[in-house]
Amino acid sequence: MPAATRDAFADALVREGDDERIVVLTGDLRDSTRTEKFLERYPDRFIDVGIAEKNMLGIAAGLALSGKVPWACSFSAFVTGRLEVVRVSVAYQEANVRIVGTHSGIGVGEDGYSQMACEDIAAVRALPNVAIVNPGDPVSTERATEYLVDHRGPAFLRLTRQKVDDVHDADFAFEFGKAVQVRDGSDVAILATGATVPEAMKAAETVDGDGISARVLDVHTVKPLDEGAILQAARDCGAVVTVEDHSVHGGLGGAVAEVLATRDGNAPLRVLGVRGFGESGTSEELYAKHGIDAGGIARSTTEFLNSR
């Protein structure tokens, strides 16, 4: 059933909440991040720091260094926008903090660019030791949240405001750092992350009608990247398309380009994502404008293969 991944995260975190190590923090956004659900169940392990994400990250780092597993939750634009604190207090200290960024990408919709995180993956990916998990549907979000309770080291969990369609079955097993092939194909590999995974699946069905066999990979872990799966897909299909609700610079597309350029991945690449800044509009309108909805992915994939 379609749901925002922020809702799936909140439900999973409440189920894991009996673990006394878990502490949840938010910056006056308990409703928007859905962390109010945790507050209702475990009020003694919930901290609302107010509109002060820098302080929230510093407190979370201190809690982590004292043995807790803190989840610092805010809009992704706000929490990753405090990169100097993430860099020094969390990453450099190797603090076991879960940075949770909701309202990612242009999928935020009408709230406009000031609320949209279109550069967050690029910023966090530059830090040496922070994992990045960007699940594409509610089920994978729940499994990723469960996994992150016991993960060791800093991690960034990127979530949606808008509802996304289901891709995985209820028995889906999340494997950290392992991309998941959700559709087989032989002409092109579409590598998608986050909310664009369901769109990539629909696009693959569309191009199939034009005689193009498209493999689809759900790259839920952007860092560490599953280089083996990417290189295998490039070898098998001979062409690669990446798609993400994020800037075309420094996100999944950039990471895949690095792999193909440095690991003998002899396949042409097209990167789909956000060019320029976001703006106000429905998530559907913005996905269509930037070509990361099913129709846009299908058109770009067809044009890409025809141009070869």
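I began with F38, which is buried, with a relative accessible area of 1%. The model is a predicted one, and I kept this in mind throughout.

**Entry 1: aromatic pairs.** I next looked up Y42, which is also buried, at a relative accessible area of 9%. F38 and Y42 form an aromatic pair. Their ring centres lie 4.9 Å apart and their planes stand at 40°, and the pair is tilted. In the whole model I noted 6 aromatic pairs.

I then turned to Y147 and F174, whose ring centres are 5.6 Å apart. Their planes meet at 45°, so I recorded this pair as tilted. Planes under 30 degrees apart would count as stacked, and those over 60 as edge-to-face. Where in the chain do Y147 and F174 lie? Y147 belongs to helix α7 (residues 138-148), while F174 sits in the loop between β8 (163-164) and β9 (180-183). The two residues are 27 residues apart, and their pair links distant parts of the chain.

Is F174 buried or exposed? I found F174 to be buried, because its relative accessibility is 12% and the cut-off for buried is under 20%. Y147 is partly exposed, with a relative accessible area of 28%. I also noted that ring pairs join Y147, F174 and F176 into a cluster.

**Entry 2: two helices.** I examined helix α3 (residues 53-65) and helix α5 (residues 83-91), whose axes come within 9 Å and cross at roughly 10°. The two helices are therefore roughly parallel to each other, as angles under 35 degrees are counted in this way. On the α3 side I listed K54, L57, G58 and A61; on the α5 side, E84, V85, V86, S89 and V90. The residues of this contact divide into 5 nonpolar, 2 polar and 2 charged.

**Entry 3: nonpolar cores.** In soluble globular proteins, nonpolar side chains tend to be buried together. I looked up the largest nonpolar core, which has 29 residues. Within this core, I106, V188, I190 and V243 touch the most other members. Several elements each supply at least two residues, including β10 (188-192), β13 (240-247) and α12 (294-307). Which element gives the largest share of this core? Helix α8 does, with 5 residues.

How values were computed:
Residues numbered from 1 in each chain as written. Predicted model: local features only at pLDDT ≥ 70, side-chain atom pairs only at ≥ 80, totals over all residues. Heavy atoms only, no water. Axes fitted to C-alpha atoms, helices over the stretch in contact; angles between N-to-C directions. Helix = DSSP H or I, 4+ residues; strand = E, 2+ residues; numbered from the N terminus. Parallel < 35°, antiparallel > 145°, perpendicular 65-115°, else oblique. Contact = heavy atoms within 4.5 Å. Nonpolar A, V, L, I, M, F, W, Y, C, P; charged D, E, K, R; others polar. Phe/Tyr/Trp six-rings, centres within 6.5 Å; stacked < 30°, edge-to-face > 60°. Buried < 20%, exposed > 50% of the residue type's maximum accessible area, 1.4 Å probe, protein only. Core = buried A, V, L, I, M, F, W, Y, C linked by side-chain atoms within 4.5 Å.
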